Amino acid sequence: MTVLKRNGKKEALTKKKIYDSVCNANKAVKKEDQLTAKQIRRITDSVVSFCENLEEPIEIDILEDVIEKKLMEAQGYEVAKRYITYR
């Protein structure tokens with residue numbers, strides 16, 4: 001998997017990078033608004049699956065939109081808001 005960064009450079013996209021970005025946003029919200037580890041793994045797996053089906057590198061803006069959508073689908077509204085400001 002490859003991501004096309006805003007500066008035009010291509011970078012390897014790993015499952016860990018996606019997982020870490022969601023975890024960072026999750027840690028930044030109140031405990032009662034946090035997602036569970038299981039939810040974060042499911043979101044990460046879903047994003048990875050989406051990216052693996054692409055033939056070309058995914059643009060970072062699209063990747064971030066996909067992550068936000070998956071957060072919202074998991075009812076992680078506060079985490080999604082934090083992720084948006086985090087990115």
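Gly 8 is partly exposed, with a relative accessible area of 48%, where partly exposed stands for values between buried, under 20%, and exposed, over 50%, computed with a 1.4 Å probe on protein chains only. The model is a predicted one, in which local features need pLDDT of at least 70 and side-chain atom pairs count only at pLDDT 80 or more, while totals for chains, interfaces and linings use all residues. Residues are numbered from 1 along each chain as its sequence is written, and side-chain values use heavy atoms, with hydrogens and water left out.

Gly 8 belongs to the loop between β1 and β2; here helices (H or I, at least four residues) and strands (E, at least two) are DSSP runs, numbered from the N terminus. Between Gly 8 and Arg 41, which are 33 residues apart in sequence, the C-alpha to C-alpha distance is 29 Å. The strands on either side of this loop, β1 and β2, take part in an open sheet of three strands, whose order is β2-β1-β3 and whose pairing is mixed. The edge strands of this sheet are β2 (10-12) and β3 (58-59), each of which pairs on one side only. Two strands are said to pair if DSSP finds at least two bridges between them. Strand β1 (residues 2-4) is joined to β3 by two bridges, and these strands run parallel; within β3, Glu 59 is the residue that stands opposite Leu 4. In general, strands of a sheet pair through backbone hydrogen bonds, either parallel or antiparallel.

Asn 26, a residue of helix α1, counts as buried because its relative accessibility is 6%. When its neighbours within four places in sequence are left aside, Asn 26 is in contact with Gln 34, Leu 35, Ile 40 and Val 79, contact being defined as heavy atoms within 4.5 Å. In helix α2 (residues 37-52) lies Thr 44, which counts as buried because its relative accessibility is 1%. Not counting residues up to four places away in sequence, Thr 44 touches Lys 15, Ile 18 and Tyr 19. The C-alpha atoms of Thr 44 and Cys 23 are separated by 10.0 Å, although these residues are 21 residues apart along the chain. Asp 45 also has its place in helix α2, but at 37% relative accessibility Asp 45 counts as partly exposed. Asp 45 and Tyr 19 are 26 residues apart in sequence and, C-alpha to C-alpha, 8.8 Å apart in space.

The structure holds zero disulfides, a disulfide being a pair of cysteine sulfur atoms within 2.5 Å. Cys 23 is in no disulfide, and the nearest cysteine sulfur, that of Cys 51, is 17 Å away. Cys 51 is likewise in no disulfide, its nearest cysteine sulfur being that of Cys 23. Cys 23 counts as buried at 11% relative accessibility, and Cys 51 is buried with a relative accessible area of 6%.

In the loop between α3 and α4 lies Gln 75, which has a positive phi of about 60 degrees although it is not a glycine. At 58% relative accessibility, Gln 75 counts as exposed.

Empty space was then considered: rolling a probe the size of a water molecule over the atoms shows where such space is left. A pocket is an open set of points, on a 1 Å grid over the protein atoms alone, where a 1.4 Å probe fits and protein lies on both sides within 12 Å along at least five of seven lines, and lining residues have an atom within 4 Å of a point. The largest pocket has a volume of about 280 Å³, the volume being the space filled by probe spheres set on the points, which are joined across faces, edges and corners. Its lining consists of 17 residues, of which Lys 5, Ser 21, Ile 60, Leu 63 and Glu 64 lie nearest the centre of the pocket. Helices α1 (15-27), α3 (60-73) and α4 (77-86) each supply at least two residues of this lining, and α1 gives the most, with five residues. By residue type, the lining divides into eight nonpolar, two polar and seven charged residues, where Ala, Val, Leu, Ile, Met, Phe, Trp, Tyr, Cys and Pro count as nonpolar, Asp, Glu, Lys and Arg as charged, and the others, Gly among them, as polar.
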